[in-house]
Amino acid sequence: MDAVNGLTHVTDDGRVRMVDVGDKPISRRRAVASGRFTTTPEVISLIRADDLPKADVLATARIAGISAAKKTSELIPLCHQLPLSSVTVDFELEADAVNIVVTASTTGQTGVEMEALTAVAIAGLTLHDMVKAVDPGAVLGEIRLVEKTGGVRGHWPAQPVRARTAVVIVASTSSAAGSRVDATGPVIRDWLTARGYSVDDVVVVADAAIAAAIENAVAEFPAVVITTGGTGVSPTDRTPEATKRILDQELPGVAEAIRARGLATTPLAGLSRGLAGVAGGTVVVNLPGSTGGVRDGLAVLDDVLDHLVAQVAGGGSHE
């Protein structure tokens, strides 16, 4: 590594540089940062009552934080410009402090930690500006990175996958609305339970919400996430796209085997675009939205799932 003390943004002769990330893989990346704005109980009461001289304190600080995340590459010289997919700024009021938590996400070739940290800093400074007439001695501090996911290093701080746990996600707008009873989720749940997996939940969401559902499920570090539905070619079918965003490794052989199994019964199985792969330490598999397609997919997984889970965990076979 041509860097000083292992820092990739410093050359051998000690000069700073912008790191070339052109060869890094594109992946879904997320960072959470936090900070603490310490003030007086009087100020906290005024914030709760929305009664400070400068009104809309938290709303203004939230907008400032989001804007700062977007401008991070302009403020910190060696940061790359990033296409942010989302930035959330949340506040928690205590007796004498405001806790600031920022979550930033992107799909790109480098991390989004600095955007989250910058948003915390600017949101906190905006709070200071809003309350300084009442408490000029307020203190902004404890700004830190809480966690990050994505990229070659995966999740930081490292979290162990919860062995023999699974989440089942049903992508069905009609079932989520209550106009149709889903029959696929219970089939997958029962199949997993019979094989010794503890199923956290069967989550039923509208097709438009599948991306958030998969991301939230993987963030809980189960060993397995199986989805059903949304794998076809209709305009609302977005499960493969949502899955691809979070995968570190694809397993095309598994997905093709599931399609091949279905093709033995119906040519419509060839229309499924379902994916399979690994996100962090979690195995993620898309199954079609029909009970027949689910049973075909589970028949394929019956032969490979335990071995695959063991491999991802670092072993050659299921113990």
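This is a predicted model: local features need pLDDT of at least 70, side-chain atom pairs count only at pLDDT 80 or more; totals for chains, interfaces and linings use all residues.

Trainee: How many bridges join strand β5 (residues 162-171) to strand β7 (residues 222-228), and do the two run parallel or antiparallel?

Mentor: Six bridges join β5 to β7, and the two strands run parallel. Residues are numbered from 1 along each chain as its sequence is written, and side-chain values use heavy atoms, with hydrogens and water left out.

Now widen the view. The protein chain holds 10 helices and 10 strands. These are DSSP runs numbered from the N terminus (helices H or I, at least four residues; strands E, at least two).

Your sheet is open and has six strands, in the order β6-β5-β7-β10-β9-β8. Its pairing is mixed. Two strands pair if DSSP finds at least two bridges between them. At the edges stand β6 (198-205) and β8 (249-250). Each has a single partner strand, so one side of each is left without a neighbour in the sheet.

Helices cover this sheet. Helix α7 (residues 210-218) lies across β5, β6, β7, β9 and β10 (282-287). Contact means heavy atoms within 4.5 Å. The helix runs at about 170° to β5. Axes are lines fitted to C-alpha atoms, for helices over the stretch in contact, and angles run from 0 to 180 degrees between N-to-C directions. α10 also packs on the sheet. It touches β5, β7, β9 and β10, and its direction makes about 170° with that of β10.

Helix α10 (residues 291-312) has a helical partner too: it packs against α9 with the axes 8 Å apart, at an angle of about 130°. The two helices are therefore oblique to each other. Angles under 35 degrees count as roughly parallel, over 145 as roughly antiparallel, 65 to 115 as roughly perpendicular, and the rest as oblique. The crossing of α9 and α10 is right-handed, that is, the near helix is turned clockwise from the far one by less than a right angle. On the α9 side, the residues involved are Val 254, Ala 257, Ile 258, Arg 261 and Gly 262. They meet Asp 296, Gly 297, Ala 299, Val 300 and Leu 301 in α10.

Arg 273 and Glu 241 meet through their side chains at 2.7 Å, N to O. Arg 273 lies in the loop between α9 (252-263) and β9 (276-279), and Glu 241 in helix α8 (residues 239-246), so the pair ties together parts that are 32 residues apart in sequence. A salt bridge is a side-chain nitrogen of Lys or Arg within 4 Å of a carboxyl oxygen of Asp or Glu. Arg 273 is partly exposed at 28% relative accessibility, and Glu 241 is partly exposed at 26%. The cut-offs: buried is under 20% relative accessible area, exposed over 50%, partly exposed in between (1.4 Å probe, protein chains only).

By the salt-bridge rule the count comes to 13. Another of them joins Lys 148 and Glu 113, with the closest N and O atoms 2.9 Å apart. Lys 148 is in strand β4 and Glu 113 in helix α4 (residues 113-131), 35 residues apart. Lys 148 is partly exposed, at 22%.

Strand β4 belongs to the other sheet. That sheet is open, four-stranded and antiparallel, in the order β2-β3-β1-β4. Its edge strands are β2 (84-93) and β4 (139-149), each with a single partner strand, so one side of each lacks a neighbour in the sheet. The twist averages 15° from one strand to the next. Nine bridges join β2 to β3 (residues 97-108). Val 87 stands opposite Ala 104 in β3.

Helix α4 also holds Thr 118. Thr 118 is buried, with a relative accessible area of 8%. Leaving aside neighbours within four places in sequence, Thr 118 is in contact with Ala 68, Thr 72, Leu 75 and Ile 76.

Finally, the whole chain. Buried residues make up 43% of its 319 residues. Among contacts with a separation of 6 or more, 74% come from residues 24 or more positions apart.
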